[in-house]
Amino acid sequence: KKSSSSSSAALRKFHNGPIVNRDLKLAVQKVTKLLAMYSLVPEAKFPMAHCPGLLTVLIKIIDTRQMNRRGNGSGGVSALLKGTAASGGGGAGNSGSSLSLSSSSSSIIIPGLIMTEAARFNTIATLTNLAAAEENRVTMLAEPSLVDNIARIVQNERSDVARQCSALALMNLSNGDKEHVPEMATELLLETLMTLMKDDVPETRRNAAVALFNVACADENTVRVAQFQNGVILDALMEVVSNDDHDDSRANAAETLFNMACSDAAETLDLMANHPGLLEALAFVLQSQSATIDVKMYCAATLRRMAEIIRSPMVAQGALLTALVRASSWSRTPDIAEALEVHAEFADNRRQMAQHNGLLDCLAKLALAPGGTSGGSSTGSDGDPMKRAALSAIEKLARDEDARPLLAHNEGIMTALTRASYGPSGTPQNGEEEESVSSQGRMVQMALKNLVAAM
């Protein structure tokens, strides 16, 4: 508490007047270093976050509005202060002289612009450590400008370490409190997370993807994320999932896409379904040799969800069917077969499915796959969810009169149905012993009956 009081007193002295000298800046820098060290102590996290006035002081120290140092080559804090003092008036003299900072359009002082870079870094480290304690998050998120000022560090600071700390702070703050998460999804935060997902440091990209996942847990935020700058965040997520060289980053980004696809917000689902290249990218990952099983499982599950959403005559249906055909080599889970099954559930989709290039061959391959997802035999498909879903999709397509001729003249489809019509023992499943015929057997019989009539 004594350290906190010293920091508050130092900043109040600074904030009450436009003159800041070197000694005051160094005093704040030393105090923030002590606070950063104390914030690592588990027992100190709660008292620090709830110390009256401390969070307000820390937020002011990292306030870098009107500052853009990442690409201007200004030469650091001293050059920034000297340049401002020269243009705005004030005592820019030797190292012991006082410096003033004023805006040409306003006399409002922005503390973070005058504090040293080390003080700002110490402060963001302190906030990151405090946000790691779950009991502090509500209190911290209630502080005005906290999230925005952390985001500005990413936009304005050149230090990779400061950006890495900011990404970790945003991840910590967004975790575990769904009531406050909707308030976090500002334009500045979304732009910041998009920037961080393109960072050179793998851990920074991972933390940004996790933060975005947390933010997207609220349905109203999924709309903002999908809409942001015409889908630029969706593009960033697709890029990470497809090409990132860090497995954790890819998995977190893939999980974020799946989480968004599970939203109840119709606008989010529509934006995702119609986003250029999204469905193709998911299929590409399932064909990739470099993606991990976790990444592929999320991509397959997302495609399955998209199959529930997209329906004829949506423009996205063609892209979906192409993606499912390309992804049909994935057999670790039954998601692709189930995607085809759920899509065939709607009568309006069946003709387009039967006519789509390669889709019937894809269904036949899934229905004939040896072992499948559960290690079953090629003839006993009742216990194999992938084969069962593929056969169910075929049976649903066979209900459409326009689709029947296409199915009946497809060798793979007829072979799959014929093999499935035999039970595990290799004997035909006929209707003479109705009780012994499985539900799948009756389904196959119905499909064969419809298709034979169309031959």
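**Note on the predicted model: salt bridges, burial and confidence**

1. The count of salt bridges comes to ten, a salt bridge being a side-chain nitrogen of Lys or Arg within 4 Å of a carboxyl oxygen of Asp or Glu. This is a predicted model, in which local features need pLDDT of at least 70 and side-chain atom pairs count only at pLDDT 80 or more, while totals for chains, interfaces and linings use all residues. Numbering runs from 1 along each chain as its sequence is written, and side-chain values use heavy atoms, with hydrogens and water left out.

2. Confidence first. pLDDT is the predictor's confidence in each residue, from 0 to 100. Its mean over the chain is 81, and 77% of the residues reach 70 or more. Among the elements of the chain, α21 has the highest mean pLDDT (97) and strand β2 (residues 99-100) the lowest (29). Over residues 68-108 the pLDDT is below 50, yet this stretch has 65 contacts in the model beyond near neighbours in sequence. Residues 374-380 also have pLDDT below 50, with ten contacts beyond near neighbours in sequence. Contact means heavy atoms within 4.5 Å.

3. Overall make-up. The chain has 27 helices and two strands. These are DSSP runs numbered from the N terminus: helices are H or I with at least four residues, strands E with at least two. Of the 455 residues, 53% are buried. Buried means under 20% relative accessible area, exposed over 50%, and partly exposed in between (1.4 Å probe, protein chains only). The accessible surface comes to about 19900 Å², and carbon and sulfur atoms hold 50% of that. These areas come from the Shrake-Rupley method with a 1.4 Å probe; for residues, only the protein chains shown count as cover. Among contacts with a separation of 6 or more, 73% are between residues 24 or more positions apart.

4. The salt-bridge network. Arg 304, Arg 305, Glu 308 and Glu 338 are linked in a network of salt bridges. Side chains of opposite charge can pair when their charged atoms come close. Glu 338 meets Arg 304 at 3.1 Å, N to O. Glu 338 lies in helix α21 (residues 335-344) and Arg 304 in helix α19 (residues 293-309), so this pair ties together parts that are 34 residues apart in sequence. Arg 304 is partly exposed, at 24% relative accessible area.

5. A local pair in α19. Glu 308 and Arg 305 form a salt bridge at 2.9 Å, N to O. The two residues are three apart in helix α19, about one helical turn. Glu 308 is partly exposed, at 27% relative accessibility.

6. Arg 399 is partly exposed, at 39% relative accessibility. Glu 395 counts as buried, at 7%.

7. Ser 392. This residue lies in helix α24 (residues 385-397). Ser 392 is buried because its relative accessibility is 5%. Its side chain makes a polar contact of 2.8 Å with that of Glu 341. A polar contact is a pair of N or O atoms within 3.5 Å; within protein, one must be able to donate a hydrogen and the other to accept it, and residues adjacent in sequence count only if both atoms are side-chain atoms.

8. Asn 207. Helix α13 holds this residue. Asn 207 is buried, with a relative accessible area of 2%. A polar contact of 2.8 Å joins its side chain to that of Arg 206. Leaving aside neighbours within four places in sequence, its contacts are Gln 164, Ala 167, Leu 168 and Met 171.

9. Ala 216. The loop between α13 (202-215) and α14 (219-227) contains this residue. Ala 216 is buried, at 2% relative accessible area. Its C-alpha atom is 8.7 Å from that of Ala 185, 31 residues away along the chain. Beyond neighbours within four places in sequence, Ala 216 contacts Asn 221, Thr 222, Asn 259 and Met 260.

10. Helix α3. In this helix (residues 42-49), Ala 44, Lys 45, Met 48 and Ala 49 are buried. They lie on the same side of α3, because they cover an arc of only 120° around the axis. The arc is taken from the directions from the helix axis to the C-beta atoms. Their cover includes α2 (22-38), α4 (54-61), α7 (117-131) and α8 (137-141).
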